[in-house]
Amino acid sequence: MLDRIEFLIGESFSALRRNTWMTFAAVTTVCMAIFILGGLGLAFFSFRNVVVGLGQRAEMKVLLLDTLPDRDASLLQGQILAIPGVKSATFVPRSEGLKQLLKENPDIDVEGLQIDNPLPNAYVVRVTELKDFDIVADQVGRIKGVEPRGVKYPADEKNFLMDTVKVLQWLGMALGAIMLATSGILIYNSIRMSVVARRREIRIMQLVGATRFMVWAPMLLEGIVQGAIGGALATLILWGAHNVVQEAVIKGLSALGRPGVFPFSLAFTVLVGAGALYGFVCSLIAVREPLQVKRSLAT
Amino acid sequence: MRQQNTSAGAPYIAFANVEVAYSDFVQGLRGVTLNIDKGEFVFLCGRTGSGKSTVLKCLSREVWHTSGSVCLEGRELTHLPVKDVAHLRRQMGIVPQDFGLLPNKRVWENLGYAMRACGRTRREVRKLVPDILERVNMLQRADAFPRELSGGEQQRVAIGRALINNPPLLLADEPTGNLDPQHSVEVIELLQQLNLRGTTVVVATHDMPIVEKFGHRVVLLDEGRIVTNTLDHPDGQPSLDGEILSSKYQPQTNGQDALGLFGPIPAGGSSDA
Ligand SMILES: Nc1ncnc2c1ncn2[C@@H]1O[C@H](COP(=O)(O)OP(=O)(O)O)[C@@H](O)[C@H]1O
Ligand SMILES: [Mg+2]
């Protein structure tokens, strides 16, 4: 058995060596396809972290009616917290709000303006999950004592981020699909070339009664190896890309939350497995044809 | 056509009304009925295109017959599933018309490769290859590449490769096709030796001088039909002799007989060379 496996492996690797350029083309395209699709998958998981982070960060400012006495205002906290999806509600008295405003914009000269503190009492409300944001905002707005249209949040910013992610996802998926198809064709071609290059050997094998498994397994193995190498390379590139992105972009937006640690062994297993499976399928299609030709005389 | 004369059961190889249509217009065989017993040595003769190779390919299932029946050892091959073809071929040795040697492999590697493809281990290869090369008298050239060998030597390697599964049946297609008379005799003698050890041998050839020289059973084909079928049986069954062979089958005057292939068998003067 071991001897047999050794023979098959030897056969398919000699084919890989002979077909260097075709193998190279097939492996690189598989690699790119898997990189794009795997990267999307990873981005999806990472973005979940980011989006959750965004949810923690994203807060709405709930402005209260000026007419509401300060004492009643502080009592609203219980009502807000009772709304499902609300993570926290912090009371910001008008004096506190002014301090913050001045801190953020030191050039405003309130004293110079000679007016009273114009800010209302407010709450800063945070949600557990970003998707609940709109519902929560709506419900908070209905609470008695809240100023009409007094719930303020950066809606556009949030939607823009979501839309961008969606567009990127679609673009990536389209590009990945094209790459996947191309790599499939390349694997198919390289296996067909192998079949042609090995036609003498194949004929002899068939002549002396080698089983179909022994005859065709080297070619299937060739496809599997191409796919697997592509998957392995993609994992490495993805790993590198992940680190770069983490360094550059995510660090800048660190407030949004951090992307997960790169799940190297998981990604490696999944992507190499996917590549191998894809290579197997493509080479099986490439090899099916000669099998059918053989049968065509049988009627 | 000859009637089977053995009393013991079914013949080893039995063709009954076998037709092979390669296409609507090209017929390989047009109704061949032929029985071959175990241990026989049979020459399939006939000019190019008469269907010799097709008969052999029906047995090895390289060609599927369109009607009639082909039996080997009582086993009907008509509906043999494709997956069983490999097993069938391991029970016969096939020597193809071109030798089918792998040019980038040495003599022993050619045999070893075929054995490994059949699932044998390296150890078995190391043990068996010298034996087989010895039998075909090629042991001294084991390390040569096919291009370094003469035609006769290449043919012997091809025969050796056909022996790797120790088959009870050997099918050789034009084994002397590219050889000079002396090497032709050597190759047929080699096949004869194997036949003496019990292997059934079927040789397709248009090399009539060789056929005469060895005097085995001759089945003459023309345009996909059996024209003459001689028997050379030890039990004294009267065989059709060369006279009938030559009188019944006069070749049409075309380029073919310039080769002297279809001259009277006993004469044999015209050499193929
Ligand atoms: N693969 C094939 N496809 C179509 N026609 C074929 C094929 N093989 C043989 N033939 C035809 O069948 C006939 C018998 O061929 P073959 O058995 O090879 O003859 P022989 O071996 O006696 O020279 C010939 O007319 C030949 O042209
Ligand atoms: Mg022929």
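Start by selecting Q226(A), which sits in helix α9 of chain A. The model is a predicted one. Is Q226(A) buried or exposed? Its relative accessibility is 0%, so Q226(A) counts as buried. Now show what surrounds it. Sequence neighbours within four places aside, Q226(A) touches L16(A), T23(A), A26(A), V27(A), I187(A) and S190(A).

**Stop two: the rings**

What is the geometry of F264(A) and F268(A)? Their ring centres are 6.0 Å apart and their planes meet at 20°, so this pair is stacked. Both residues are in helix α10 of chain A, 4 residues apart, or about one helical turn.

Keep the three residues selected. Ring pairs link W239(A), F264(A) and F268(A) into a cluster. Colour by accessibility: W239(A) is partly exposed at 40%, F264(A) is partly exposed at 30%, and F268(A) is partly exposed at 34%. Over all chains, the structure holds 6 aromatic pairs.

**Stop three: a salt bridge inside one helix**

Select R142(A) and D138(A). Their side chains meet in a salt bridge, 2.9 Å from N to O. Both lie in helix α6 (residues 133-142) of chain A, 4 residues apart, about one turn of the helix. How accessible are the partners? R142(A) is exposed, with a relative accessible area of 64%. D138(A) is partly exposed, at 41%. A search over all chains finds 13 salt bridges.

**Stop four: across to chain B**

Now show both chains. How many salt bridges are there between chain A and chain B? The count is 3. Take them in turn.

- Select D3(A) and R116(B). This salt bridge is 3.3 Å, N to O. The pair crosses from helix α1 of chain A to helix α3 (residues 107-117) of chain B. D3(A) is buried, with a relative accessible area of 19%, and R116(B) is buried too, at 11%.
- Select E6(A) and R122(B). Here the salt bridge is 2.3 Å, N to O. E6(A) lies in helix α1 of chain A and R122(B) in helix α4 (residues 122-135) of chain B, so the pair joins two chains. E6(A) is partly exposed at 34%, and R122(B) is partly exposed at 41%.
- Select R203(A) and D98(B). Their side chains form a salt bridge of 2.9 Å, N to O.

α8(A) gives the most, with 7 residues. By class, this side of chain A has 9 nonpolar, 4 polar and 11 charged residues.

**Last stop: the whole contact**

Chain A contributes 24 residues and chain B contributes 28 residues. Together the chains bury about 2500 Å², 58% of it on carbon and sulfur atoms. Between chain A and chain B, 8 residue pairs are in polar contact, both residues being at pLDDT 80 or more.

Note on methods
Residues are numbered from 1 along each chain as its sequence is written. Chains are lettered from A and ligands numbered from 1 in the order in which they are written. This is a predicted model: local features need pLDDT of at least 70, side-chain atom pairs count only at pLDDT 80 or more; totals for chains, interfaces and linings use all residues. Side-chain values use heavy atoms; hydrogens and water are left out. Contact means heavy atoms within 4.5 Å. Buried area is the accessible area (1.4 Å probe) that two parts lose on being put together, summed over both. A salt bridge is a side-chain nitrogen of Lys or Arg within 4 Å of a carboxyl oxygen of Asp or Glu. A polar contact is a pair of N or O atoms within 3.5 Å; within protein, one must be able to donate a hydrogen and the other to accept it, and residues adjacent in sequence count only if both atoms are side-chain atoms. Ala, Val, Leu, Ile, Met, Phe, Trp, Tyr, Cys and Pro count as nonpolar, Asp, Glu, Lys and Arg as charged, and the others, Gly among them, as polar. Rings of Phe, Tyr and Trp (its six-membered ring) pair if their centres lie within 6.5 Å; planes under 30 degrees apart count as stacked, over 60 as edge-to-face and the rest as tilted. Buried means under 20% relative accessible area, exposed over 50%, partly exposed in between (1.4 Å probe, protein chains only).
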